[in-house]
Amino acid sequence: MLSKIYEKYPKHGSNTVCLSYFDSPLGKLISAADTNFLYFILFEDSKDLDKKLQTLNQDINCTFVEDKNDILKKLDTELTEYFKGNIKKFTVPLKTHGTAFQKDVWNKLLEVPYGSTYTYGDLAISLGRPASHARAVGAACGANSHLLLIPCHRLVATASKGGFSCGIDRKEWLLKHEKKFV
């Protein structure tokens, strides 16, 4: 998979972004980071992966390399501990790309306690918007490039689990996993 990325995005920038895999209980995760920030962590089968790579490549004029820098090593450690139930918050520095509204949603998601859930409407209200903005909140969650770290899986619909960009089965697994360690 990474070799295809290197073919599609040949070296062209002075900024180096390391790409790395992490084998999680839910499938392989791919992450991208330079020496300052984690730009994304997504499942390898994410439909948005190519778009995220292209946007990052254009935004910061970077060269992708397969390597683990300090940020990615820290991420691996924190992911390992998260899946063991030993940590409830991630401390890796994130760089988000999105609209002001999306960033507001993502920042508010960071406040949703581990092991709990909020509805999309509740999150909209907590942002000072009407509950009818629940769909916009859901769309912002769908654009989240930092799965697990920005815990969009903790948002649910009023009558169901709601959606999840990488599959409802993964969302249900994550919610059950966190409940075990509350």
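Predicted model: local features only at pLDDT ≥ 70, side-chain atom pairs only at ≥ 80, totals over all residues.

Visitor: How many residues does α2 have, and how far does it reach?
Guide: α2 covers residues 49-60, which is 12 residues. From first C-alpha to last it reaches 17 Å.

Visitor: What follows α2?
Guide: Asparagine 61, with a positive phi near 50°. Asparagine 61 is not a glycine, yet phi is positive. The residue sits in the loop between α2 and β4 (62-66).

Visitor: Is asparagine 61 buried, exposed or partly exposed?
Guide: Partly exposed. Its relative accessible area is 35%.

Visitor: Where does leucine 148 sit, and what is its phi?
Guide: Leucine 148 is in the loop between α6 and β6. Its phi is near 75°, a positive value in a residue other than glycine.

Visitor: Why does leucine 148 count as buried?
Guide: Its relative accessibility is 3%. Buried means under 20%, so leucine 148 qualifies.

Visitor: Change of topic. How is the protein divided?
Guide: Into domain 1 (1-84) and domain 2 (100-180).

Visitor: How many residues are in contact across the two domains?
Guide: 17 residues of domain 1 touch 16 residues of domain 2. The two domains bury about 1400 Å² between them. Of that area, 63% is on carbon and sulfur atoms.

Visitor: Which residues of domain 1 lose the most area to domain 2?
Guide: Leu26, Phe43 and Tyr82. Together they account for 43% of what the domain 1 side buries.

Visitor: How many salt bridges are there between domain 1 and domain 2?
Guide: The count is 1. For the whole structure, a search finds 6.

Visitor: Give me a pair. What does arginine 170 form a salt bridge with?
Guide: Aspartate 45. The closest N and O atoms are 3.0 Å apart. Arginine 170 lies in helix α7 and aspartate 45 in the loop between β3 and α2, so the pair ties together parts that are 125 residues apart in sequence.

Visitor: Which end is buried or exposed?
Guide: Arginine 170 counts as buried, at 14% relative accessibility. Aspartate 45 is exposed, with a relative accessible area of 55%.

Visitor: OK, α7 then. Which residues of α7 are buried?
Guide: Arg170, Lys171, Leu174, Leu175, His177 and Glu178. Seen down the axis of α7, they fall within an arc of 160°, so they line one face. On the other side, Asp169, Lys176, Lys179 and Lys180 are exposed.

Visitor: What do the buried residues of α7 pack against?
Guide: Several elements. They are β2 (27-33), β3 (38-43), α3 (70-84), α5 (120-126) and β6 (155-156).

Visitor: What should the span of α7 be, and what is it in the model?
Guide: α7 is residues 168-180, 13 residues. At 1.5 Å a residue they should span 18 Å. The end C-alpha atoms are 19 Å apart, which agrees.

Visitor: What does glutamate 178 meet in a salt bridge?
Guide: The side chain of arginine 154, at 2.8 Å from N to O. This pair links distant parts of the chain, 24 residues apart. Glutamate 178 is in helix α7, and arginine 154 is in the loop between α6 (134-142) and β6.

Visitor: Are those two buried or exposed?
Guide: Glutamate 178 counts as buried, at 0% relative accessibility. Arginine 154 counts as buried too, at 4%.

Visitor: Last one. What does aspartate 76 form a salt bridge with?
Guide: Lysine 68. The closest N and O atoms are 2.4 Å apart. Aspartate 76 counts as buried, at 16% relative accessibility. Lysine 68 counts as partly exposed, at 29%.

Technical notes:
Residues numbered from 1 in each chain as written. Heavy atoms only, no water. Helix = DSSP H or I, 4+ residues; strand = E, 2+ residues; numbered from the N terminus. Expected span 1.5 Å × (residues − 1). Buried < 20%, exposed > 50% of the residue type's maximum accessible area, 1.4 Å probe, protein only. Arc of directions from axis to C-beta. Contact = heavy atoms within 4.5 Å. Domains from an automatic or database assignment. Buried area = accessible area lost by both parts, 1.4 Å probe. Salt bridge = Lys/Arg side-chain N within 4 Å of Asp/Glu carboxyl O.
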